[in-house]
Amino acid sequence: MSGNELLLPGVMPTGEKAQVDEKEQVDGEDQAGGEDHADAPPATRIAAVVVPAWPLLAAREKLAREKVARAGSGAGAAAGAPAEGASAPVVVMDRHRVSHADAAALAVGVGIGMRRRAAQAACPEAVVVEADVEHESALFELVAAAVDTVAAGVDVLRPGVLLMSARGPARHRGGEDALAEAIVDAVAELTGWDAVVGIADGPFAALLAARSGRIVRPGRSRDYLGPHAISALRDAPVGPGWGHRDQPAADADRTRRVDLAEVIDLLERLGIRTLGDFADLPATSVAARFGPDVAQLHLLARGGEPTPPQAHHPTQPLEVARTLDPPLVRVDQAAFAARPMAEELHGMLVARGLICTRLRILALTASGEEMERTWRHDGALSPADVVDRIRWQCDGWITRARLRGEQTGQITRLALQPVQLLPAGEGAPALWGSAGEAAQRAGRAFARAQGLAGEEAVLVPVEVGGRLLAEQVALVPWRSERPTARPGPWPGSLPRPLPSVVLRTPPLVVLRDAEGAEVVVTARALLSAPPAVLEVPRAGSAGADGIEALVSHGVAAGRAHRVLAHGAPTVLDERWWRPDGRRAARLAVVIEPGRALVLLSREGAWTVEGIHD
């Protein structure tokens, strides 16, 4: 046994039996094949390849690359290598909450789901970065290429997760344990990252098996899924094409979407604690009581998989190809080349009454190397979706060539091939949901701006909900995935109409009464005295961050403004039941220039939260 074999995560060393679930180790061969749970349709043998905490690894690689660039060395950082000498913990934020944190940050109290301020308070020395889906997608091409050296035909489910058919590659490698070991070896050798492999019947069981690197014997996926908590349904690959999202497929009438978190909460309140409890329910009763979406989850819990939709194969294969002159060497070039190709493919599909849910992207380099990658999507791929995937994929190929030190990463030909097609009625928009000509022109302008300056060049506001004004609306890149709305209730939130101006950096101000004493909110939620004057500090003074925003909206700096009117304070008790809970008070005032301001008090200090226009 070699030293490398002892370090493989999730797979037993060569020559020993691959890890399987404990029930399979007890049952004999005859019993394993005796009961096949005929009520669940047979599932495909699937291998799931997962790189744990992929957003965290991608963030560390990006920080390492930025450090090398700042040092002026001119050399790219090694793929997956953390910055030399960097010991600061790393925290990744997604939708204003902590999505991933390394062991050092978790050890000092940073928790998944925390807001930025709470995470920074728990670990002030942590490097806080925003999740970058485009960078994660491009960098994950290195992992996909490494798995391609073992078995062709891998599909990217999402950055950090690959799915592939296991039957053929396992037969070629001499068994599923050998296949899993070869995949882990290839990823470790070519990228330096650790991967885990799970193999089971159906994508859901394979994804859960990949958590611990298990190989579930054929026909035993239901037994393996049974002991898992019902909350494991959060990882269920619901929707067409094994897409991943927070919600399962829409109802048949397309009028409502079932929230996956709500379904899990409902099942738990009904006393269904495990996937086995859920699977034991009669399928017809689940479909009649909860509808087709929950019935699909029930099928996954029983070890099956949704019946793949009938693919439509045109008499002539569809393909859109472009020869690129000059060759493509930058991502912004990919955005310009992708738009006409996506629109041409969309026109071909519309003419045939089809939609595409699985797309293959092919490229030819100047050195003659041929590359391809298949992308699965939850629902119909719009032209914007196709453009994004072409840009991400080309970025991944270019990044891979640069990190490997290859001289020829120039792409001379691009081609698009729809792999899975469905009738257009499966994903048709609402009758009144189409955009007008003006909206289409604006969309093209936005796409061009993003192609030139990056995805963050065009941000749009999305209402997500919260107590504070800055939390109620999030700015996200145009055409990117919208953050999940938080419906509340939010005690203490402002009633509508909301202020037209929300200050991301609330400036400090001083509220005084007629005697010159500072006005505070007492423990009984009362003002210590009627406010008479609002003092605004000069720009550039200590604690005056954000004063420029006040000045730009007609509030002079460096002077005292007479308070013409004020409301009653509203107390905000945020997470009062937890040690990190905070208490604040909000007050609406009208000052002398006729400006209505919303003030927020924390620990006796007043800041300007918003301005009514």
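Is the crossing of H16 and H17 left-handed or right-handed? The crossing of these helices is right-handed. The model is predicted, and the values below are computed from it.

## Packing of H16 and H17

Helix H16 spans residues 331-352 and helix H17 spans residues 383-403. The two pack at an angle of about 145°, and their axes are 8 Å apart.

On the H16 side, the contact is made by Val331, Ala334, Ala335, Ala338, Arg339, Ala342 and His346. Their partners in H17 are Pro383, Ala384, Val386, Val387, Ile390, Arg391, Cys394, Asp395 and Ile398. By class, the residues of this contact divide into 12 nonpolar, 1 polar and 3 charged.

## The second largest cavity

Rolling a probe the size of a water molecule over the atoms shows where empty space is left. The structure holds 3 cavities of 30 Å³ or more. The second largest cavity has a volume of about 50 Å³.

Its lining consists of Ala342, Leu345, His346, Leu349, Cys356, Leu381, Ser382, Pro383 and Val386. H16 and H17 are the elements that give two or more residues to this lining, and the largest share, 4 residues, comes from H16. The lining has 7 nonpolar and 2 polar residues, with no charged ones. Ala342, His346, Pro383 and Val386 are among the lining residues and also take part in the contact between H16 and H17.

Leu207 lies in helix H10, residues 203-209. Why does Leu207 count as buried? Its relative accessibility is 9%, and buried means under 20%.

Leaving out residues up to four places away in sequence, Leu207 touches Ala48, Leu157, Val161, Leu163, Asp235 and Pro237. Leu163 is 44 residues from Leu207 in sequence, with a C-alpha to C-alpha distance of 8.7 Å.

## Backbone geometry

The peptide bond from Asp325 to Pro326 is cis, with omega near 10°. Pro326 is found in strand E8, residues 320-328.

Positive phi values in residues other than glycine include those of Ala53, near 50°, and His96, near 70°. Ala53 is found in the loop between strand E1 (45-50) and helix H3 (54-71), whereas His96 lies in the loop between strand E2 (90-94) and strand E3 (97-101). Ala53 counts as partly exposed because its relative accessibility is 34%. His96, at 39% relative accessibility, also counts as partly exposed.

Technical notes:
Residues are numbered from 1 along each chain as its sequence is written. This is a predicted model: local features need pLDDT of at least 70, side-chain atom pairs count only at pLDDT 80 or more; totals for chains, interfaces and linings use all residues. Side-chain values use heavy atoms; hydrogens and water are left out. Axes are lines fitted to C-alpha atoms, for helices over the stretch in contact, and angles run from 0 to 180 degrees between N-to-C directions. A crossing is left-handed if the near helix is turned anticlockwise from the far one by less than a right angle, and right-handed if clockwise. Contact means heavy atoms within 4.5 Å. Ala, Val, Leu, Ile, Met, Phe, Trp, Tyr, Cys and Pro count as nonpolar, Asp, Glu, Lys and Arg as charged, and the others, Gly among them, as polar. On a 1 Å grid over the protein atoms alone, a cavity is a set of points where a 1.4 Å probe fits but cannot get out, and a pocket is an open set with protein on both sides within 12 Å along at least five of seven lines; lining residues have an atom within 4 Å of a point. Grid points are joined across faces, edges and corners, and a volume is the space filled by probe spheres set on the points. Buried means under 20% relative accessible area, exposed over 50%, partly exposed in between (1.4 Å probe, protein chains only).
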